[in-house]
Amino acid sequence: MTSPLYQLTNPFNVMINPIYSPAPNRYDSGMNYRRCGRSGILLPAISLGLWHNFGDVNTLANAQAIAHYAFDHGITHFDLANNYGPSYGSAEETFGQLMKKSFLPYRDELFISTKAGYDMWPGLYGNWGSRKYLMSSLDQSLKRMNLEYVDIFYSHRFDPLTPMEETLQALVDIVRQGKALYAGISNWPREAADFAYRYLEERDVHCLLYQGRYSLFSREVEREGILQQAHERGTGFIAFSPLAQGLLTDRYLNGIPQDSRIARGGHLKKESLTDEVLQRIRALNQIAAARGQSLAEMALNWLLKDRLVTSVLVGASSVAQLEDNLKALQGPSFASEELEAIETACQ
Ligand SMILES: NC(=O)c1ccc[n+]([C@@H]2O[C@H](COP(=O)([O-])OP(=O)(O)OC[C@H]3O[C@@H](n4cnc5c(N)ncnc54)[C@H](OP(=O)(O)O)[C@@H]3O)[C@@H](O)[C@H]2O)c1
């Protein structure tokens, strides 16, 4: 019912965007939380990544709906990087708007990350792993996101030409300056990661998280021992692209939808969807159906069965996708025959 006062002040009956008030039961809605290595931090088993779907090519309304849904369902961790968008920087700007409009009163309930390491701005100082790049990039990120500090700042990738000491000392100093509470590394090869863990530890900056690509279709971190190494070092592991950018879902079972990541162009190429890959997706989809799950749910379930995985970092282009992904938390455990069938389907 519209109150008479409202009608008086809103004579044209325009819709007013209400102030966000998060779900009171957000910590009792099925999310579970895992300890991040040897640290005081718990992370949600499913976290939200803003690589795609939060840029200035997307609508703020959709980005806001996804972010609200996430927080309302116990997702406390939002993952960003300087160049997420497109365009570069725009996902952080969108998040900055959400901070202002919705999340500012809840800042201390959120664990927010950003990174620098990939191509960001032209010239000599907007890429790779120099101290100059990392320091100035984080300053820019904080402004875009309307934040005083991030919870974790990552070196986004290993730089073979910059001395590791320079990149890592920048992380140490960023933490000392209070611009990030924790440091992390992403996409660092095993040997370099070993050096990083030691370097940081010796300076009393424990490496909180390793962020690596991990899914049924990308098993390198398992094969190369990166997962195990993080565990032994007391560092949490967070898996990115757990759905192989959408391949491990029902998205491409019947062609390439117009609004899909492949159709939009960008990092997931049409060429990735070979007949062989499609065959694997179909076989996995059948196993998922027999378990009473969507393929996306099963793919996440499969990652989360491993306690070495602290969190999986999903992307979503709609609230419905995120809703589906969160069902993975209630998925049945795997029988050994199912695990074998999954391995066979992935070959
Ligand atoms: N450190 C790094 O180098 C690095 C690299 C990549 C990503 N990341 C992080 O990891 C996050 C996740 O990466 P990602 O976006 O590639 O993750 P992903 O979860 O593997 O893929 C997300 C995409 O899958 C589709 N999807 C998601 N849920 C679905 C569902 N239930 N049913 C059908 N389709 C579904 C959507 O595609 P459509 O858009 O087609 O709908 C969505 O955009 C990023 O946002 C970022 O934070 C980090």
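View A. Among the buried residues of α11 are E297, N301 and W302. The buried residues pack against strands β3 (46-49), β9 (236-240) and β10. They also pack against helices α10 (275-290), α12 and α13 (336-346). Contact requires C-beta atoms, placed from the backbone, within 7 Å. Helices are DSSP runs of H or I with at least four residues, strands are runs of E with at least two, and both are numbered from the N terminus.

Numbering starts from 1 along each chain as its sequence is written. Local features need pLDDT of at least 70 and side-chain atom pairs count only at pLDDT 80 or more, while totals for chains, interfaces and linings use all residues of this predicted model.

**View B. The shell around the ligand.** The ligand is surrounded by 31 residues. The closest are G49, W51, F240, G246 and G315. A residue counts as near if its C-beta atom, placed from the backbone, lies within 6 Å of the molecule. β10 (311-314) and α12 (319-326) each supply at least two shell residues. The largest share, three residues, comes from α12.

**View C. P160 in its loop.** P160 sits between β6 (150-155) and α5 (164-176). P160 is exposed, because it has 10 other C-beta atoms within 10 Å and the limit for exposed is 12 or fewer. A192 is 32 residues away along the chain, with 9.4 Å between the C-alpha atoms of P160 and A192.

Technical notes
A residue is buried if 20 or more other C-beta atoms lie within 10 Å of its own, exposed if 12 or fewer, and partly exposed in between; C-beta atoms are placed from the backbone. Two residues are in contact if their C-beta atoms, placed from the backbone, lie within 7 Å.
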